[in-house]
Amino acid sequence: DGDGKISSAKDSIVEYGYDAIWKAAIKEVRTNGLGEALYTFNMDRNDNGILIRTYRDTGSDGSIDRLHYGYGDNNWTVDFSDDITQWSPTQLAKISGVKTIQLSVAAYKTEITLDSATIAKIAPTATVSGTTSALIIDGDTTDTVNLEGSDFTKLTTTQTIGTNTFNVYTTEVDNTTYTLYIDNDINTILG
């Protein structure tokens with residue numbers, strides 16, 4: 001709030017976890033001046049120490065609401081391909097309930113692969129635009145989403161969320177319908 005003291009909800013404190021091998025942040029926690037948690041970023045790096053994924057926990061309550069390829073809202077990374085269908089149960093549990101997957105900025109290409117079973121594991125509780133069991137995938141024309149399997153249906157309608165328009169896909173797993181909102185700029189490959 002400009003008074004030189006960290007004492008109000010307008011002030012913010014940032015703490016970093018540091019990886020000595022890569023000499024880089026692996027965790028960022030932001031709180032306000034009243035000690036209330038704002039959010040936590042946990043970061044994954046590849047074998048060369050390059051940041052590839054950031055998991056955002058708004059409210060620092062232990063639930064990941066957004067998976068970024070790159071870093072937070074700045075979203076910088078390298079060209080990257082990630083087959084989420086090959087993630088371990090521990091990795092998938094880490095993002096269970098995620099609401100948004102944010103692919104990289106236009107300077108980089110991100111390609112992810114999902115299938116119905118994986119979507120059922122990561123988005124069982126997320127609600128988007130009043131639809132339960134929903135997941136948003138946001139990105140741009142440099143990004144690709146591969147939807148494996150023949151059980152996805154692309155609806156003829158689109159959905160506007162914020163300022164972006166999304167193509168809508170559905171799939172069913174164990175009598176539950178899951179809805180994917182994929183940014184219409186993203187190259188989406190069915191099958």
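Is Asp174 buried or exposed? In this predicted model, where residues are numbered from 1 along each chain as its sequence is written, local features need a pLDDT of at least 70, side-chain atom pairs count only at pLDDT 80 or more, and totals for chains, interfaces and linings use all residues. Side-chain values use heavy atoms, with hydrogens and water left out. Asp174 turns out to be exposed, at a relative accessible area of 72%; exposed here means over 50%, buried under 20% and partly exposed in between, with a 1.4 Å probe and protein chains only. Asp174 sits in the loop between β14 and β15, where strands (E, at least two residues) and helices (H or I, at least four) are DSSP runs numbered from the N terminus. Despite not being a glycine, Asp174 has a positive phi of about 50°. Asn175 is also placed in the loop between β14 and β15. Its phi is near 65°, again a positive value in a residue other than glycine, and Asn175 is exposed with a relative accessible area of 72%.

As for confidence, the protein averages a pLDDT of 81 (the predictor's confidence in each residue, from 0 to 100), and 78% of the residues score at least 70. Strand β1 (residues 12-19) comes out lowest, at a mean of 59, while β12 is highest, at 97.

Now for the inside. In soluble globular proteins, nonpolar side chains tend to be buried together. A nonpolar core is taken as a set of buried Ala, Val, Leu, Ile, Met, Phe, Trp, Tyr and Cys residues joined through side-chain atoms within 4.5 Å. The largest such core has 30 residues, and those with the most contacts inside it are Tyr69, Ile101, Ile112, Ile122 and Ile137. Elements giving two or more residues to this core include β4 (51-58), β5 (66-69), β8 (110-114), α2 (116-122) and β14 (164-173). A second, separate core of 5 residues includes Ala134, Phe166, Val168 and Tyr181. Leaving aside neighbours within four places in sequence, Ile112 is in contact (heavy atoms within 4.5 Å) with Tyr69, Asp82, Ile84, Ile101, Leu103, Ile137, Thr144, Val145 and Asn146.

Searching the whole structure for aromatic pairs gives 1. Rings of Phe, Tyr and Trp (its six-membered ring) pair if their centres lie within 6.5 Å, with planes under 30 degrees apart counted as stacked, over 60 as edge-to-face and the rest as tilted. The pair is Tyr69 with Phe80, tilted, at 6.0 Å centre to centre and 35° between the planes. Tyr69 in strand β5 and Phe80 in strand β6 (residues 80-83) are 11 residues apart, so the pair links distant parts of the chain. Tyr69 counts as buried at 0% relative accessibility, and Phe80 is buried at 19%.

Asp65, in the loop between β4 and β5, counts as buried at 16% relative accessibility. Its side chain reaches the backbone nitrogen of Thr58 at 2.9 Å. Not counting residues up to four places away in sequence, Asp65 touches Arg56, Asp57, Thr58, Val98, Lys99 and Thr100. Thr170, in strand β14, is buried with a relative accessible area of 18%. Beyond its neighbours within four places in sequence, Thr170 is in contact with Asp151, Phe152, Thr153, Leu155, Thr177, Tyr178 and Thr179.

Conventions
A polar contact is a pair of N or O atoms within 3.5 Å; within protein, one must be able to donate a hydrogen and the other to accept it, and residues adjacent in sequence count only if both atoms are side-chain atoms.
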